[in-house]
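Please look through the sequence and the structure below before reading on. The text that follows goes through them one region at a time.

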Amino acid sequence: MFLTVEGVEGSGKSTLLTALAVRLEARGTTVLRTREPGGCPLGARLRPLLLSADWTPDPNAELFLFLADRAQHVAEVIRPALAAGAHVLCDRYADSTIAYQGYGRGMDLEWLQRLNDCATGGLWPDLTLVLDLPAEAGLLRAARRNEAQGLSQTEGRFEAESLAFHERIRQGFLDRARRFPGRFRVLDAALPPPALADQAWAALRMGAH
Ligand code: TMP
């Protein structure tokens, strides 16, 4: 089972993934929890480059760095874990490229879909949970978190984009969910974390159809 969690900044992906991993492991399931960018040694080196607020890459360079991270991550981490029978829980994946580089930066959506296919060898999740939240509320949460953890400069490049950019991303995820209703579930990220985890758990147990 390959599960991804997507959403705007500050939507609570990481808290939810922790809760899901605990529930799955309590049931005896082997879980591999990972993330993009940064879920493999190459990605760990690319993540600071991609997220640092100190520079502005060319949009194509940014895109290909995310795809390079994904290609290596799929080959080195995700496919082997799935082959070994683990449940893979991934914080962001190919749908983030469609939302951020497509809806956010205006790149062609079909082209991005093909590039994602190329990078992943056609591996798409069984289930994708979208944590939906107004972009403004998410950005506030993310700014507080980054400040508390001292990440504003090292990881804050996307958070510093305009509110309109982040609203396009929110709409991008919702459009994807409408387009692929069998794979996506949209959850209300404004719910208290335990209630959100219950809804995600129910979606996971039903699986994708
Ligand atoms: P996060 O891991 O803290 O959510 O941060 C990752 C950031 O990178 C987030 O702002 C979304 C962005 N991103 C893209 O723009 N494209 C991608 O393909 C991925 C995986 C992430």
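Cysteine 40 is a buried residue, since its relative accessibility is 4%. The model shown here is a predicted one. Cysteine 40 takes part in no disulfide, and the nearest cysteine sulfur, which belongs to cysteine 90, is 10 Å away. The structure as a whole holds 0 disulfides.

Leucine 20 gives a view of the packing: beyond its neighbours up to four places away in sequence, leucine 20 touches Leu3, Leu89, Leu129, Ala197, Ala200, Trp201 and Leu204.

The ligand is the next stop. Which residues are closest to the ligand? Of the 14 residues that surround it, the closest are Glu9, Arg70, Arg92, Thr97 and Gln101. A polar side-chain atom of glutamate 9 is 2.7 Å from an oxygen atom of the ligand. For lysine 13, an N or O atom in the side chain is 3.1 Å from a ligand oxygen atom. Glutamine 101 has a polar side-chain atom 2.8 Å from a nitrogen atom of the ligand. Taken alone the ligand exposes 480 Å², and the protein buries 94% of that.

Glutamine 101 also has contacts within the protein. This residue lies in helix H4, and its relative accessibility is 2%, so glutamine 101 counts as buried. Not counting residues up to four places away in sequence, glutamine 101 touches Glu62, Leu63, Phe66, Ser96, Gly106, Met107, Leu112 and Phe158.

One of those contacts, leucine 112, is found in helix H5 (residues 109-120). Is leucine 112 buried or exposed? Its relative accessible area is 1%, and therefore leucine 112 is buried. With residues up to four places away in sequence left out, leucine 112 touches Leu63, Thr97, Ile98, Gln101, Gly102 and Met107. Leucine 112 and alanine 99 are 13 residues apart in sequence, and their C-alpha atoms are 9.9 Å apart in space.

Two loops have backbone features to note. Arginine 92, one of the residues closest to the ligand, is found in the loop between strand S3 (87-91) and H4. Its phi is near 75 degrees, a positive value in a residue other than glycine. Arginine 92 counts as buried because its relative accessibility is 12%, and buried means under 20%. Proline 37 has its place in the loop between strand S2 (31-35) and H2. The peptide bond that leads from glutamate 36 to proline 37 is cis, with omega near -10 degrees.

Note on methods
Residues numbered from 1 in each chain as written. Predicted model: local features only at pLDDT ≥ 70, side-chain atom pairs only at ≥ 80, totals over all residues. Heavy atoms only, no water. Helix = DSSP H or I, 4+ residues; strand = E, 2+ residues; numbered from the N terminus. Buried < 20%, exposed > 50% of the residue type's maximum accessible area, 1.4 Å probe, protein only. Contact = heavy atoms within 4.5 Å. Disulfide = S-S within 2.5 Å. Near = heavy atom within 4 Å. Polar contact = N/O pair within 3.5 Å; in protein donor to acceptor, adjacent residues only side chain to side chain. Areas by Shrake-Rupley, 256 points an atom, 1.4 Å probe, with all protein chains shown as cover.
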